[in-house]
Amino acid sequence: MITMGYVGLKSLGIGLPFQSAAGRWGWDRYYHTNIWSRSITHHLLDVKNTLDDWVQFRKEVPAGDLKRILRTLRKRGHISQALKVFEWMRKKRIYKFSAREHALQINLISRVHGCSAAERYVRNLPEQARNDKTYGELLHCYVREHKTDKALYHFQKMKELGFVLSPRPFNGIMHLYAKSLQTDKVLGVLAELKKNSKVSPDNDSYRICISSFGLKYDLDGMERVLKEMETQPHIVMDWCTYAVVAEFYEREFFVDKATDALKKAKMILQKKNHRRSHNLINSDYENVIKSLVKLGELDEAVKFLKEWDLLGNWHCADDISIPHTIISEYIKNGTLRKASYRISVWDFKRKPGVDKLSRLLCNEYLRVGDLFRAYHYFHLQGYGVTSLAVQRSFLQYLEQRGSFFSLCCSGSMCTRSLKNAAGRTFLEFVPINVKYKFRVILLVHPENSTLAININYENIIKSLVESGELNEATKMAKEWETCGNFTSLDGLNISMLIIEGYCKKSLFMEAEALAEAWTREKKCWVGGIWLILACHYQEHGKLVGGLEWMRRYFDLTPGLKGQYCYMFEMFVHMIKYSRGMSAAGHLGCCKDLFSSLNDKICPLPKRSVGGSSK
C-alpha cells in the first residue's frame, strides 16, 4: 500500500522530502509543497485519497506543509481545492484550528457553497471560536454577496456582543452603501466610527467615503473628505487613495489636480515600505490600476488585477475593462509575450470576455504581419484547426480590418512559375527577399508522355491575352483542343494564360464561369486553374472567395482532398508572400516544419521535393 501511494504521488510530480538528524533527503520542502499544490488543482484528482496516501507514506504530515499548500492554492484562485484540503485537515484533527483559521474556512465555504453554508458553519462553531474574527468574516461574506439586510442585522449583533474591535466591520457596511451610491449613509457610518471610543477610522474608511463622493461626481465632497484624512494624526497617507482621487479628477477633466494627485501617489510608491490596501470597492480597483499604468508601475497594476479577480469581480463579459487596461498597456509597450501569457491563462480559466481581449492581440499581430499568431488569438484554439467556418470568419475579419492589414496588393511580391519534374507539373511560389519557397502539384502526366510545350500555341494565346482579346483567345484554344493538337501540359499552360488575363482585368465572374465549364468537362488540369483563381482573389483582397477556390483545388487534386488544415496554412503563406511579409510566418527558421507542409501539399520523393532555401 505504501508503495502504491508513493507511485501515485510520484505520477503527480510530487517529491516527498524526508528529514533526519543529518539533514533532508530529496527536494526542498518548499519546492515539494509548491509542486503538490499545483498537482492537486487537477480537476480529476481526488484530494482526500491523495492526502490519505501521502500521510500513509510519510507517517506524519507537518501542519506547516499543509498551511503552505493552502496558501498557494488560495493565491492561485483554486478555492474549491483549498476548501477540500481544509475540510480534510479538520476531519483528521491534525491540529486545533485557531479563530483565524476558522475565519478562513468561513471565507472559503461562502465562496464555494454560498452564505447559507457559511452561516451553518458559524452556528456549529464551539463557543470559544465565536469571536470578532469569525463573526467579522461572516459579515464580510454578506458584504461580498451584496446582502444588505443580513449584513446590517449581523453588524448590529456584533455590536451587541462587543465583537466590533476594528474598523473593518464599519468599512464593510460603508462599502455596501458606497456601491449603491448612498453617500449620506456612508457619512453616517463614518460619523459613528469617529464616535467609537475603541476604534478609529483607517485609510480604507476614508477612501471608501472618497469613492462614494467620486462616483456621484461630487468633487467638492471628495475634496473635503480627502483634506480631513490628510489632517488626521493617526493616518499615514497611502498612494492608493491618491490614485483613486486622480482618476476621479481626470474623469471630470481637472488635469492639473489629477497630475498633482498622481505625483503624490508616485512619491509614496517609491518608498519601499508603502502600505498595500485590501478593502477597495470595484470602481477603486479600476481607478487604482489605471493610475498605476500611467505611473509606469505595470507589475504593481497586475498584482491588483489578480487581487480583483480572486475576489470574484470578473462575472461576465462586461467586466473586462480592468483586464483590457492591462492588455492594452502590454501591447503599447511591445511586450506581446506577456499579453499572450495573460490571455492564455484567462482562456484556460474560461474567463468571460477573453475573446474580446484576444482580439486586441490579434489586431496587433495583424499590424506587425504575423498572420498565424493573429489567427491563433482570433479563435484561441491553437494551430491546425480544420473548421472551415472558423477559417472563413478569420479571413472575413481580415477583409474588415483595412487599418491593420494590407488587404489588396498592387503587385504580388512573389513570382509564380510552372516547373516540370518526375512526370509532374508544379506551380512554384518564390517570394522576394525571403528564405523559403514552396511548390504545389498541378498535373500528373501519363507514363511515356511528352512534357514539351507547343511554343507556337503559347505565343499566339499570350499575344491575344495581352491585347485584351480574351474571348478570341478562349475560342482559339477550344478549336485547337478539338483538333486534338493539345497535350495536357498545353491545356494547363494556355488555360492559365487566359484565366490570368481575365483576373488582371478584374473580370472574375467570367474567369469563374470558364473554370466551372472546364470542371464540368473534367479537364485533368482544372484543379490548377482554381489555384490560380485563389491566388488572384487573395491579391485583390477577396480572401474568403480565395479560400473557397483553394478548397476547390484541394478537392480536385488527388491526395489533397479533405486536407483543409494544410489548405489553410498554405493559403496564409500565399497571403504573406504576396504582400512581402515574413515568408516563414510562425515557422520562423524551422525549415523542417516548413518542409513538412511542402511534403503534404506536394507529395514527391524527398530527393525532388521543394521547401529548399535560397
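In which strand of the protein chain is confidence lowest, and in which helix is it highest? Strand β1 (residues 18-19) has the lowest confidence, at a mean of 32, while helix α13 (residues 219-231) has the highest, at 95.

**Figure 1. The whole chain and its confidence.** Welcome to a predicted model, in which local features need pLDDT of at least 70, side-chain atom pairs count only at pLDDT 80 or more, and totals for chains, interfaces and linings use all residues. Residues are numbered from 1 along each chain as its sequence is written, and side-chain values use heavy atoms, with hydrogens and water left out. The pLDDT, which is the predictor's confidence in each residue from 0 to 100, averages 78 over the protein chain, and 75% of the residues score at least 70. For residues 1-36 the pLDDT stays under 50, and the model has 57 contacts there beyond four places in sequence; a contact means heavy atoms within 4.5 Å. Residues 604-614 are also below 50 in pLDDT, with 25 contacts in the model beyond near neighbours in sequence. Please take care there: where pLDDT is low, the predicted coordinates should not be read in detail.

**Figure 2. Helices, strands and burial.** The protein chain has 30 helices and five strands. Helices (H or I, at least four residues) and strands (E, at least two) are DSSP runs, numbered from the N terminus. Of the 614 residues in the chain, 51% are buried; buried means under 20% relative accessible area, exposed over 50%, and partly exposed in between, with a 1.4 Å probe and protein chains only. Among the chain's contacts with a separation of 6 or more, 61% join residues 24 or more positions apart.

**Figure 3. The second largest pocket.** This view shows about 350 Å³ of space. A pocket here is an open set of points, on a 1 Å grid over the protein atoms alone, where a 1.4 Å probe fits, with protein on both sides within 12 Å along at least five of seven lines; lining residues have an atom within 4 Å of a point. Grid points are joined across faces, edges and corners, and the volume is the space filled by probe spheres set on the points. The lining of the second largest pocket has 18 residues, and Arg90, Phe97, His102, Leu125 and Pro126 lie nearest the centre. Helices α5 (79-92), α6 (99-113) and α7 (115-123) each supply at least two residues of this lining. By type, the lining residues are ten nonpolar, four polar and four charged, where Ala, Val, Leu, Ile, Met, Phe, Trp, Tyr, Cys and Pro count as nonpolar, Asp, Glu, Lys and Arg as charged, and the others, Gly among them, as polar.

**Figure 4. Arginine 100 in helix α6.** Look for arginine 100 in helix α6. Arginine 100 counts as exposed because its relative accessibility is 59%. From its C-alpha atom to that of aspartate 132, 32 residues apart along the chain, the separation is 9.8 Å.

Figure 5. The whole structure holds 19 aromatic pairs. Rings of Phe, Tyr and Trp (its six-membered ring) pair if their centres lie within 6.5 Å; planes under 30 degrees apart count as stacked, over 60 as edge-to-face and the rest as tilted. The pair of phenylalanine 155 and phenylalanine 170 is edge-to-face because the ring centres are 5.2 Å apart and the planes lie at 80°. Phenylalanine 155 sits in helix α9 (residues 148-161) and phenylalanine 170 in helix α10 (residues 168-179), 15 residues apart. Both are buried, phenylalanine 155 at 5% relative accessibility and phenylalanine 170 at 1%. Another edge-to-face pair joins tryptophan 314 and tryptophan 346, at 5.2 Å centre to centre and 75° between the planes. Tryptophan 314 lies in the loop between α17 (298-310) and α18 (321-333), and tryptophan 346 in helix α19 (residues 336-348). Tyr375, Phe378, Phe394, Tyr397 and Phe568 form one aromatic cluster.

Figure 6. Tyrosine 217, though not a glycine, has a positive phi of about 60°. Its place is the loop between α12 (203-215) and α13, and tyrosine 217 is exposed at 52% relative accessible area. Serine 506 also has a positive phi of about 60° without being a glycine. Find serine 506 in the loop between α25 (488-504) and α26 (508-520), where it counts as partly exposed at 41% relative accessibility.
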